[in-house]
Structures are given as C-alpha cells and as structure tokens.
Amino acid sequence: MDHQLTLGDRLKVRTMIYVASEPIPRFWPMRTFIHHNPLFGLEHLPFEEAVEEANRLFHGRGYLSRSEYQEYWQAGKVDEAALRKYMQAFLEKQGDALPEIPMEHWLWSLMTLCKSEQLVPKTDWLDGHVLHAALHGQATDPDAARQKARLQEILAHKIALDGPVYANVDRLFGTDIGSTLDDLLVKSCLDFFDEGQSAWQSPGRKQGFFAAWKEVAQHNVRFFLRGMHLRQLLESEQTPEGVVAHILRDLRVPEASWQKYITRQLTRLHGWAGFIRYRSTAKHYYWAEQYPADLTDFLAVRMVLGMALLQEVVRHQGCPANAEEIQNFVHADPLSAYLRLELYTGTILPAWAQQVEDMLARRKRPSFDRVGQQYVAAKTRWEGERQVHNLLRLARAMGAEAETQLLAMSPEQLDQFLNILRAWEKGEGFCWLRSMESHYIKSLVNRIHIPHQQEAVEKRPFAQALMCIDVRSEPMRRHLEAIGDYQTFGIGGFFGVPISFLEYGRGTEVHLCPAIQTPKNLVVEIPAELELEEEPLYGALEHVLHELKSSVLSPFVAVEAVGLIFSLGLIGKTVAPLTYHHLHNKLHAEKPVTRLLLDKLSPDQADSILRAVQRAMIVRALIKEWNVPRDQVTDDDVKELREIALEHISGPSALAQRMQFSAQQEAEFIQKLRDTYRVERHESSLQMERLGRIGFSLDEQVRYISQALLLIGMNRNFSRFVLLVGHESETENNPYESALDCGACGGGKGLPNARVFAAMANKPEVRRRLRDKGIVIPDDTWFLPAVHNTTSDAVELFDLDLLPARHLLYLERLRNGLSAATRRSAAERMPTLGGSENLAQDPYAAAAMALRQTHDWSQVRPEWGLTRNVYAIVGRRALTEGLDLESRAFLHSYDYRLDPKGRLLETILASPMVVGEWINLEHYFSVVDTEHYGSGSKVYHNVAGRFAVMTGNQSDLRTGLPTQTVLKDGKPYHEPVRLIVLVEAPVAFAQRSVGNLVKIKALLGGGWVRVILMDPEDEYRAYVLEDGAFHLQERSVTPDSQTILEEIA
Amino acid sequence: MHIIIWIIAGALLPWFPFSWIFNRLLVSAPGAWARALAVLVLPQLGLLLLLKSGAWMSLGQEMPQTLRALALFTAILYAYRAAGTRDVQIWARLMATSGLSLTWLLVGLLPRYWDVQFFVLAWSIPAALMLLWAGILTQRTGGSYLGLTGGFARVMPRLSVLMSLTALAATATPVFPNFFALLQAMASLPISWMPLLLLVLLLWGWTVGRLLQDLLFGIYRGEPVDDLSVGGTWLGGLTLGVFALVGLFWGGIWIIN
C-alpha cells in the first residue's frame, strides 16, 4: 500500500504531524533541565486564550481555584479595586441583560463568599425552565423534541467524529484501550530511548525508532499473548508516515479531520512527545545522533498499537471498528449510547449505575427507551436540584433579598442569569490573576528607590562581583554589599558568552547559554597536569562495583557477597552525610587543574593538534594491538604509519618490516587504526572542521567582553577584583538537580562561562582594544572566576593559580567577605527550609545546615531554587540597593545612558527576559495544576532512561516541577503570578526597542509578562502596560524602605 | 418435615439455591439500618431453626458430601459474583452470603450453640457494618456504586478507612473473628477438599482488592461531600476494635481446645 502513497502524500502526513506538534512544548532531558513555559507552543496567542486552548489540548487548568484566590485576598495580596474594575468591565459587556438583578452584588459575593470551584458546573440538561421548576419544587415538563435535539448535541460533542476511535469505544463500551495503549507505548519508548539505565539494550536502535520497534514487535510474545495481530498491520506499509495514513484510512477518519486527530494522539502523552520533539531537533544531542527518532515514528507506533488493540476488542466484544460505524451505532439508539456514556465516563447518577450496568450485561438487551427516558428525567431533576442548592446557599450568604430575587425570576431570566454566571466563571481566574499582579505591581512601584539625579563622585570599591540575574543571587548581592566595600552587578549567568563546552573527561558537548541560542564557539577543557595512565585503585574498585550493580544477573549471585559494601555507603549517607562526603572525597582522585582552549586556532595549529592526537593514538594502538612499547618506535615510524592510514602512501612500513609483521598483519593493523582509533581521512577532515570551531578570535573576544560590560553599565571605575560568579547547585539523589542550576546556561553550571570571560578579559590584547572602545580597565584589575553554590550559599574562587602575586595580599579579605555573606544568606534562607527560627540569629549554625542540605540524600527540598520569583528589574542597582526583595527578583543591571540605539536593551529583552519568563511560567503552571503541568509529588518519581522522571514505574514523562518545589504544607509557596518586568528607561526609547523585536512584542502584547516602565527622564514615573497601552501608576507616599545596615558577621 | 426445615433454614442461613431468597429479603428491607438488622437476624433465625428442630445434629458427625459441596459451591459462586460488582451494598450482601454459607460445613461439628452462633455472627457483623457504610455513602453521594468519580480516600478519609477495615474484616483477614471461623471450617474439611476452600479465599482476596482499588485510589472528580462525623468514626472504629478483640479471644479458646 505504501506504493500508493506519493512523495506528496508522505510530505502531507509529515506536515500534519509537524503542525500538530507545534503546541507541544519541547522537553529537555533532566541532565540539562530547562525551565520552559509549558504553553510555549501557544505563545502566539494572548495568555487568556492560550490557557483555554491548553485546557482543551492538555486538560490542564490555568488558574488557581477560587478558594485559593480568596485566601490571597484575605491576606491582602489581591488588589480589590482592580478586581472590582475587571468585574464592572465584564458586566458592561453583558449590557442590560438583567436590569432588575444587582449582578454586581451577585458576582462579588460569588467571588468572595462561594468556596466551591464552580457555582454553575457543566451540565447536560439544565436550563432556565429546569432551574425554575426545581426552585419552586415543581416537576419538570419534558419537551420530547427539545430533549431529542439536546441529546444529539450532547452525543455529537462527547463522541466527536474526529476523536480517537479507541477513545470513543472506551467511552461507549467501558473498554480500557486508552490506558493499555499508553502503557504499551511507554514501554516501547523506554526500550528505545534508554540512555544507559537498562543493562540490556533494545536491538537495532540505530535504524530509528519505528524501524527498530517494528522488528521487535513482530516477534513480541507479549503482544501475541494479548491477541494483537501486528504483523499484518506492519507488513502493509514500510514507512511510518505510510502506516499513519493507512490506519487513518482504515479507521475511516475524514481526511479533513486528520490534523485534529493527530493532535489528539500526540497530546495524550505530551511529555514523551515533547521529549521526542526536542530530541529530533537537537543536532548536538549524542543519543539522538546515535538512535534517531521523530514524532512520525512515535505516532506510527502509537497508531499501530492502538489499531491492534481496537481490532482485538472488536473481535471479542463486537463493537464498532471505525469512526463511521461508531457514528452509526450512536445514531441508531441515542438513548442507549447516552446511558453507556454516562456509565463508562463516570457521570451517571450513582443510584442508576448498577441498574444500567445490569441491563448492558444482559445477553438479550431490552429496549433502553423507557429506562433512558426515566434516567434523563432523573438526571435533569438532579441537575436542577444541585443548581438550586448551590444558588440558594450563595443567596443565603448574601442576605434575604438575594433569595427573593432568585425566586422571583422567570425561566427566561434564570436562563440569562445562568449564562452570565457561566461566562463570569469562565474568565474569573484571569481577573483574580490580574488583580494579584496589580497588588505586586503597586508594591514594587512604591518600594523602588528613585536614584539621585546628581551622582556622587565614584569611589573605587574593594571588589566588584558580576552575578547571575537569578533570584538566588539577590540575597547574596544584598549581603555582600551590606558587609563591606563591594559593588555588584546582575548579568545573565552565561556572562553574555554562549559556549559549547567539552569538559575534560566527558565525551559530549554541552551548550552553556540560554536554550533559545545556539553557540558557535567550542571551548575545550584540557588538563594542565600530566595525566597518569593508571586508574586510581579506589576508582577502579568503584567502577567494578557499579558494573555489578547495573548487571542483570548480578543480583542473583552477588547480593550476599557485595551487598554489605553498598550498605556501608547507605548508612554513611543517611546517618552522617557530611562525614561520609568528606571521606568519599578523600578516596576519590581530585579533578586535575585544567585550562581552557580559548583562542581560535590557525589552520596550521589545528593541523598540528590533529597530527599530535593521531600520533598519540597510533602509539597507543601499537602498545595495545601489537604489544610494541614506545621505546622501540621512532617518531618516523609513527609518522609513516599515519601516512599509510590516511592513504597518502602505501605499505609496508619500516616498522612492520623491522618487527617482521606480515603484510596481512599490517593491513589488519592499519584497518584497526582507521576503524577504532579514527586515524582516517574522512574523520580527519571532520576533526579539522571541529577544531575550527574551537575558541574565539580576538575580535570575538573583544566584542563579547565589551558588549557584556556595556550591557550592565560597567564601563568605568573597575576595582582590583572583578568576580565573575557563575552558579550551580549541589544536591544528592535529586533528578531535578539541573533545574537548580543556571537557567541562563541552559540548565548547566555557570563556572565554565565565568572562566572563559575572565580569561578573555584578563588578556592585555583584549584590554588594549577595549580601551580603544572607551572601556578602560586598569592594569591592576583582575577578573576572577568563582562559583556560587546556591544550596549552601558558599562562593568558591577558581583559577587562583593565575592570580598575580600582588593580588594575593588581598585574597584573605576577599574570602572573609564572601564567607560572611554566605553565612548571612544562609541565616536568611534556612528558617524557610524547615530550620528553626533561631537560625536567623545564628549564621554559623545556618551555614552548617545549608552545607548538610547539599549532601543529604533524603532531602526532597534541598533549596527553594527559583520558587516565589515574581519580578525582573532591568536597571541600575541604585533602584534596588538595600531593598530586601526576598529572593524574588531577577536583577539585570542596565544603564540606558550607555545604550543610545537601544540595542543593549533589545538584547536583554530578547534573551535574559525570555529566560525569566520561561522560569516564571514553569513555576506558575506547576502551581496552578500540579498534575498536568507540574510533575506531582517527587516521592513517587522514578528515573526513566536517565533522561526524565515518571510517576510510578510507567507513566507519561513528568515535565514540570514537583510539588515539593512549589508547595509548602499543601499550599502554594510560589505565588503564581506572571513575571513583572520593570525597565528603567524612557518610555519612547523602550517602546522603540520592543517594536524592533517581533517575538518580544507578541509576548508583551499577549500578556505573558507584565511590564512597568520607569522613565528616568520623566521624574521616574511608572507606566504599566495593560490592554495594549501604558497607564500611569501613581506612587503612594510611603516611607522609604529601610536600607539594610547590619553588622559585619 | 426435615426437608421443609432445611429449605427454610437454607433461605435464612444462605445455601444455594435458597440463598436467592436470603438475598431478596435483604434487598427488600427498607433502608440501610433495616438491611443491617436483617443480615444480623435472619441467619440467626435459620440457625435457631436448625438447632431447635434437631436437624443440625441429625446428620451426625459425618457430613454428606453433597451438602459440603453445595456449601462450598455457594461460597464460591457468591464470592465470584462479589468480585464483579462495584456497588458496596450488593458487595456486602454477596460477601455475607458467601461467608455465611460456610456455616453448613460445620453441621454436627460444633455442639455448643453459642459456638455456632458466634461463627455466624463473625460473617454477619462485618456485613451489617458494610451495609451501614453503604447507606451513609448513598446519603452523601446518591448511591453506593464505586469507581465513578475516583477514590474517596481524600474527600472522605474517615469513612474510607472504616469501609476498608470492614471490607478486610468481611474477607477473613487475620485478627478478625471470621479468620478463625475460616480455620474452623478448614479443620472440618478433609484435605482433598482444601483446594476449594482455598479458591474461596483467593476469590475473597480478589474481590476485596477490587473494592479497595475503586474505593481509595484515583483523583476524586465528584461533587464536594461531607465525611463521616468524628463521633460516628469513633463508634465504627470501636465496634471493629471490639469485634477484633472478641475474635482473638474466641480464636484463642478454639485453638486451646
């Protein structure tokens, strides 16, 4: 049948899959967890519409429940005036629908008094007439024609023609195809996508997902035992898109509905689909290169499994086999279909469930007409009574008049009344959200400092620190500034230098930059010390033990023998994590001192490096393959062998002749050099290309450094030390560890970028060129890389061996300052992480607790990470200096005066702000729906294939944040509001910058972030973007926030 | 005369095919309390009839094979039917029938009246409690059919715990009296009949597993409901506790003797 599919047909199916996958957010592997907006694929829509669409696609909710918002309102975290304003705007849109009813009073009472999630829940039969009858205790008068029409509507909505056939069969026959299909598909995905977790790998993975699965599936006993006949389905088509098209035709899905059908199939397991989507586009991803897969493969596997399960059910239960037959079945006996739907979707009245189930179970089924009519009447009555109960409860809470108003309404008025309530409830969450945001906007505008117009003469600080914009840097910066002569700046944690980093001892590159960028430059880490060939004894032992642990057979034979050894670690980690960690570190070989290959290589240098590497490989091969030691081989011998391997000359080599190896042996050796040791012509050109990516040209270095310094407004008054503080977290037994690392580094650690920046900025040649650009860095200024461990708050300095001797005199003061800030920050944080309140007064104890958090493997919440983020402030530090922002603000330094064209602001908006938006919305949606957008409780998580987590042993990949990250005692710890971005810049200037960035314009216009502009040229008036226009936000006259003046710890 | 007594007794102390009458009687009782009372009283009446008429002892120590087979068949049939239902009320009724039918295995073996009476109560009491819980569930949600709106564990934790414990008590879980009753029934059977009794036990395990699955697990999607009152919980808990303690005491006496 595949031959019937033309190239155009295949492309059409692939295009449909591509389009259908657009709303599914990419999911990065856990090792480089990227905080992303779960609704990223819908960012072209305004926020409110996107939330609604996502609810349809992913079944996730977009707002908190009413009662949760009410708690915030009672706690004073909702702007009541704004809430009333949005309510009035809504009522104005309704016109004079019910002039005699005080709708404002009703809606306000609904919002503030009603505790239930929905006052008017979804119903099948409820309307004004039914409600009127129920209110007055009358029997409803069924109108047969209206009932019939309504029944058709209900069935058309619930058994949609473009809905998956198996899902419709499940709804009508109580079968379990959907969840069985998910289980089988997840199992197949786990087999294929495994990244080394399983001891036994699935065969044939290099062919791609569908091809490999197809081969295995045809011989899968499990499928056979389930009665699934896959062979016929698989033999009918060769390509995955052919299979998809073939099955869609077999299922008689109208071609016009294919797109929707495919979307529903892909969104069912959107975690897996998102991962495969990421993987298929990540060119540098090792596992994707080795074992390719895309969403067409995924969909084809799903469709084949689904079809086989459906065929099995059709054979055994005689249910409809395709979309057309389902529609015929439904139309043939709508009442029976309705009763089935009610029973199998769980919406049936419980008192009727057994009776309907018994009727369906009978071999000779009676007519459903009588029972169906009775059931519809009962359901209608129940819906009416439930609605009356809800409305009367609210009315009684409102006062006696409300009940009278309710009882006085005619059926038509009640119909309108219900419609207004329904419409309000649909948009109520968004009003609460905006009102909460309004509270935070006002709060920020009132607290922010207005910088003095006349700046004092700048004093040279003892040290300057460039820290990530991450919210966790905020307390460190505040404490560091408070304890001494320090000046801090906020910048994206990759320091504006996107790199692809090849760490020493690792085989694959990691992109250290925001996920929206692709780095061009490769930085290679090489050891500065001589590497010993011998593996340390402890390392070798550990290797053996881990091999044993992951082996399939070893549990049967080795538990008694080596189990005790593992138990020692287990006890140590549990009872004394810190001591265990110290001991463990002593036994491990330390990572050697390394340097970064930073400068661009000339073709000669690249060639020379390649030659050196190839020679080293040949020497190693001679020892291993021919057992010829180095002292018996001359450089000329090696060179000759290399030339032969690269096909520049032909053998026999002098070495082979001298050692009396036969021509056959030499040919085999040369082939091995080419295949195993990669000394081969094609490989050489690839390696040359790769070497060409290494490092930065001098121009690039100057450009990156100058841009980064200007971006944060740092073009003068450099101090002796300029710290480049990257950040990382350190936790144990935590699959989400990289979620706590640097978001601006693509979920990686920020140290390599800091080292690269420092190395560039310390170069005399770079400084000379910077001076030409007006950035004068004094000779005694030294850029020093450091890393901030956000779990313990410790700051460690790196590359100290490169530090000029004159700086060593000041090193102790610097370290003292940093460790004091560490302790003060820990004292602030630890009480929020379950520590005693007294720790706030005992910085040493707090720091000890923070350190313990890093090594405690039982700790589900080692740190709060980016939770509670709410603000992003782009401007000078003077706006926020001394202000306690409670670790809730991304702080990006920026001085618009150094940015006449607005290009730097564009850079900030296009990159760090987008990273902040993703982080914020990841947290937002993980709170408002912990199950669909969040990943539920960590307690039930299991690592899947070393790239993600699942709940239990098999589930969709959990893509969001766990409840332990965003909730505390079951309540939101992260207050879910959209990111409020404050920019210090003239309004017209900022608008021009935004106008130049289409994507950012859409984000701001669509309300994905809230924006405040503080115009320094207009007396720092604040303008808030709302409904497409900037509105003046007055500052309240409040006392200035107290500057923190604390004693040096 | 004895045949009529056997038939009436078989309808009250359920025994296939007259167990059908026992079930109809329970269904027709108006309300949960009446059903609970019926499941406590009817088997006792059947037992009384058997003992007072002398029919109980007339069979002597050696039980006829057909009687034994019928008793076990009844237990298996109703346990199997219970595994297929999701309605708590029906479940309790079917499980009571399944358990009570085992009384027939003891015909002629337990000479003391109170011993047999307690054997019967060991099945009746959890069934009566379960019927009460089913009544409360019906009052709260409109029916006692499980699995429609997800598990109740989060929304009605107190009632869910009591129902779970009662379900375990109804299926001869250790420490509850019917566990020791089951041991007595086992002791009364020749070893070749043991697989059938084990089949009964297997079916009970299956049925209670299904019930707990529907009762406890899954995210609740229904209307807001009120849980059982604290007083009611204490009372239910106390009843189950006393029931278990008496079971231990009774089981101890049986083992010592």
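Helix α1 (residues 2–12) of chain B and helix α3 (residues 31–53) of chain B have axes that come within 7 Å and cross at roughly 155 degrees. Axes here are lines fitted to C-alpha atoms, for helices over the stretch in contact, with angles from 0 to 180 degrees between N-to-C directions. Helices are DSSP runs (H or I, at least four residues), and strands are runs of E of at least two, numbered from the N terminus.

This is a predicted model: local features need pLDDT of at least 70, side-chain atom pairs count only at pLDDT 80 or more, and totals for chains, interfaces and linings use all residues. Residues are numbered from 1 along each chain as its sequence is written, and chains are lettered from A and ligands numbered from 1 in the order in which they are written.

α1(B) and α3(B) are therefore roughly antiparallel (angles over 145 degrees). From α1(B), I5(B), I8(B), A9(B) and L12(B) meet residues of α3(B), including L42(B), P43(B) and L49(B). Contact means C-beta atoms, placed from the backbone, within 7 Å.

The unreviewed UniProt entry annotates "transmembrane region" over several spans of chain B, among them 159–180 and 233–256. Such annotations may be inferred rather than shown by experiment.

In chain A, the C-alpha centres of domain 1 and domain 2 lie 40 Å apart. The domain bounds come from an automatic or database assignment. Across this pair, 16 residues of domain 1 of chain A are in contact with 15 residues of domain 2 of chain A. α9(A) gives the largest share of the domain 1 side, five residues.

Notes: Angles under 35 degrees count as roughly parallel, over 145 as roughly antiparallel, 65 to 115 as roughly perpendicular and the rest as oblique. Two residues are in contact if their C-beta atoms, placed from the backbone, lie within 7 Å.
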